[in-house]
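Please look over the sequence and the model first, and then read the points below, which are grouped by topic.

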Amino acid sequence: MKYQDYIPVLVSVLIIVSVALLEKQSKLVAAVTATMPIKVPLALWVVYAANQGKQETMEDFSRSLVVGIIPTLGFLVAAWFASRAGLKLVPTLLIGYGVWGTGVGLAFLFRTALGV
């Protein structure tokens, strides 16, 4: 494997450790660390390299990233409401992923309907 294959794993481990350590000091800093755009730059790099930086491909992929963040935001809001309702971790995650999956499905439907 190339070193590029190890970078996402290393960064993910560092983020998990950072969140575990920061959570005791500041919930906000831990949350910001947990939601940092780490995979996005890596994905942009992979797509850019695979397509020799073709502007049209990068624009399409970037637009898809914007659309894809909407279901993720839905996941976070659903998890927040589930937590506020006093649910345990597993039900909170199931509800969050249910909302996320619904959002992804709707994004695909809208994209197909609009022919984009």
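N51 counts as partly exposed, because its relative accessibility is 27%; buried means under 20% relative accessible area, exposed over 50%, and partly exposed in between, with a 1.4 Å probe and protein chains only. The model is a predicted one, in which local features need pLDDT of at least 70, side-chain atom pairs count only at pLDDT 80 or more, and totals for chains, interfaces and linings use all residues. Residues are numbered from 1 along each chain as its sequence is written, and side-chain values use heavy atoms, with hydrogens and water left out.

**Confidence**

- The chain has a mean pLDDT of 89, and 96% of its residues reach 70 or more; pLDDT is the predictor's confidence in each residue, from 0 to 100.
- Confidence in the chain is highest in α4, at a mean of 95, and lowest in α1, at 81.
- Helices (H or I, at least four residues) and strands (E, at least two) are DSSP runs, numbered from the N terminus.
- Where pLDDT is low, the predicted coordinates should not be read in detail.

**The loop between α3 and α4**

- N51 is placed in the loop between α3 and α4.
- Between the C-alpha atoms of N51 and M36 there are 25 Å in space, and the two residues are 15 apart in sequence.
- Q52 also has its place in this loop, which runs between α3 (39-50) and α4 (55-84).
- Q52 counts as exposed because its relative accessibility is 68%.
- Just after α3, Q52 takes a positive phi of about 50°, and Q52 is a residue other than glycine.
- The C-alpha atoms of Q52 and V13 are separated by 30 Å, with the two residues 39 apart along the chain.

**Helices α3 and α4**

- The 12 residues of α3 should span 16 Å at 1.5 Å a residue, and the end C-alpha atoms of α3 are 16 Å apart, which agrees; the expected span is 1.5 Å times one less than the number of residues in the helix.
- α4 has 30 residues and reaches 43 Å from its first C-alpha to its last, close to the 44 Å expected.
- The buried residues of α4 are M58, P71, G74, F75, A78, A79 and A82.
- These buried residues of α4 pack against α3 and α5, where contact means heavy atoms within 4.5 Å.
- An α-helix has 3.6 residues a turn, so residues three or four places apart point the same way.
- Just after α4, G86 takes a positive phi of about 90°.

- T33 lies in helix α2 (residues 27-34), and T33 counts as buried because its relative accessibility is 11%.
- Not counting residues up to four places away in sequence, T33 touches I15, S18, V19 and L22.
- T92 is found in helix α5, and T92 is buried, with a relative accessible area of 6%.
- On the basis that leaves out residues up to four places away in sequence, T92 touches A79, A82, S83 and L87.

**The largest pocket**

- The largest pocket has a volume of about 1100 Å³.
- On a 1 Å grid over the protein atoms alone, a pocket is an open set of points with protein on both sides within 12 Å along at least five of seven lines, where a cavity is a set of points where a 1.4 Å probe fits but cannot get out; lining residues have an atom within 4 Å of a point.
- Grid points are joined across faces, edges and corners, and a volume is the space filled by probe spheres set on the points.
- The lining has 26 residues, of which A34, T35, M36, K39 and T72 lie nearest the centre of the pocket.
- At least two lining residues come from each of α1 (3-22), α3, α4 and α5 (89-114), and α4 gives the most, with 9 residues.
- The lining divides into 20 nonpolar, 5 polar and 1 charged residues; Ala, Val, Leu, Ile, Met, Phe, Trp, Tyr, Cys and Pro count as nonpolar, Asp, Glu, Lys and Arg as charged, and the others, Gly among them, as polar.

**The second largest pocket**

- The second largest pocket has a volume of about 240 Å³.
- It is lined by 11 residues, and V67, L106, A107, F110 and R111 are the closest to its centre.
- α4 and α5 are the elements that give two or more residues to this lining, and α5 gives the most, with 6 residues.
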